[in-house]
Amino acid sequence: MNSYKYILYIDEAGDDGLTKVRPIDPNGASEWLLLSGYLIRAEHEKSCRLWLDNISADIQSQSNVIHFRKLSPTKGTRAAELLAKYPARAFIIASNKKNMRGHENERAAQAGGKQWFYNWLVRILLERVTEFCLQDCSEMPTEDDKIKVLFSKRGGHSYGQTKAYLEWLRLQSNPVLNKRKIDFRFLSYKLVDYVPHYQEAGLQCSDIVASAFFRALNTENKRRNIDSAKRLSPIMARNAFNEISDFGLVLQPTNPKDLTLSKEQAEIFLHYGFSERATAQNRGRFDQKR
């Protein structure tokens with residue numbers, strides 16, 4: 001087994017359905033698909049269980065397996081607040097899918113298989129994670145500075161396709177999208193795996209991150225609030241300029257004209273440093289009050 005310096009736990013909230021999307025289609029797929037990354041150093045691998053047990057005890061959970069979506073807003077906020085005290089970094093890729101409704105990408109599908117949209121978000125996540133690790137290594141990574149990547153296993157996904165897609169990206173000399181690139185010096189095919197949520201405490205930590213932001217953005221949820229997502233601020237990943245926006249927290253699509261966020265949905269992005277322009281607020285309308 002290859003040695004590794006980091007562990008990245010990846011979970012999701014929402015789904016990747018694009019044929020029908022709420023709220024455009026009442027019975028459509030979720031408006032949002034969120035991908036979370038919870039990054040720790042390998043030396044803390046066994047500590048995750050203790051961290052999670054401490055959180056469970058504090059919020060008086062009846063189970064040692066935390067499912068954030070089942071927690072009340074009060075307990076969810078407390079769980080996020082406690083998680084933010086531990087040495088880790090959190091990443092969120094938030095894709096608002098209304099502009100993707102019915103969209104197909106043949107080129108991406110050829111590379112990423114049927115789940116090209118999910119794989120594309122994985123790519124965006126790994127671009128930021130490997131950039132962060134490069135900063136952490138003072139831009140001098142060694143063979144021992146690999147990232148062990150663990151996906152939370154969910155029905156409907158082919159993680160073999162995701163691994164094949166990453167290998168395809170690695171072999172590309174001139175990628176079509178090259179604003180950012182995955183730094184493959186940190187990745188190894190042998191260190192990518194997928195396991196059930198309940199088997200890895202780190203995946204449950206990643207679930208807290210994903211679900212906290214999903215609760216902030218899913219305005220259809222009666223339990224919606226942004227407090228838990230705000231409490232994660234101490235561990236949200238920052239770039240070299242100390243910015244969380246478009247690094248620890250990424251909003252897709254990036255073009256404001258493709259976004260129609262509500263004031264409530266924009267609130268968490270504004271909290272983490274996005275501009276009103278970036279969140280498509282105050283767009284010109286004939287009925288806009290002046």
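Reader: How many helices and strands does the protein chain have, and what pattern do they follow?

Author: The protein chain has eight helices and six strands, where helices (H or I, at least four residues) and strands (E, at least two) are DSSP runs, numbered from the N terminus. Along the sequence the pattern reads β-β-α-α-β-α-α-β-α-β-α-α-β-α. Bear in mind that this is a predicted model: local features need pLDDT of at least 70, side-chain atom pairs count only at pLDDT 80 or more, and totals for chains, interfaces and linings use all residues. Residues are numbered from 1 along each chain as its sequence is written, and side-chain values use heavy atoms, with hydrogens and water left out.

Reader: Okay, strands next. Is strand 4 enclosed or open, and why?

Author: The general idea: in a regular strand the side chains alternate between the two faces of the sheet. Here, six of the six residues of strand 4 (residues 147–152) are buried, so the rest of the structure largely encloses this strand. Buried means under 20% relative accessible area, exposed over 50%, partly exposed in between (1.4 Å probe, protein chains only). Ile147, Val149 and Phe151 are buried on one side of strand 4, and Lys148, Leu150 and Ser152 on the other.

Reader: Which strands pair with strand 4?

Author: Two strands pair if DSSP finds at least two bridges between them. Strand 1 (residues 6–14) runs parallel to strand 4, joined by five bridges, and Ile10 has Phe151 as its bridge partner. Strand 5 (residues 192–195) also pairs with strand 4 in the parallel sense, over four bridges; there, Val195 stands opposite Ser152.

Reader: And where is Ser228, and what does it touch?

Author: Look in helix 7 (residues 227–231) for Ser228. With 1% relative accessibility, Ser228 counts as buried. Leaving aside residues up to four places away in sequence, Ser228 touches Phe68, Gly76, Thr77, Ala80 and Ala212; contact means heavy atoms within 4.5 Å.

Reader: What about contacts and burial in the whole protein chain?

Author: Of the contacts with a separation of 6 or more, 77% are between residues 24 or more positions apart. Buried residues make up 52% of the 290 residues.

Reader: How much of the surface of the protein chain is supplied by carbon and sulfur atoms?

Author: The protein chain exposes about 14,600 Å², and carbon and sulfur atoms supply 46% of it. Accessible areas come from the Shrake-Rupley method with a 1.4 Å probe; for residues, only the protein chains shown count as cover.
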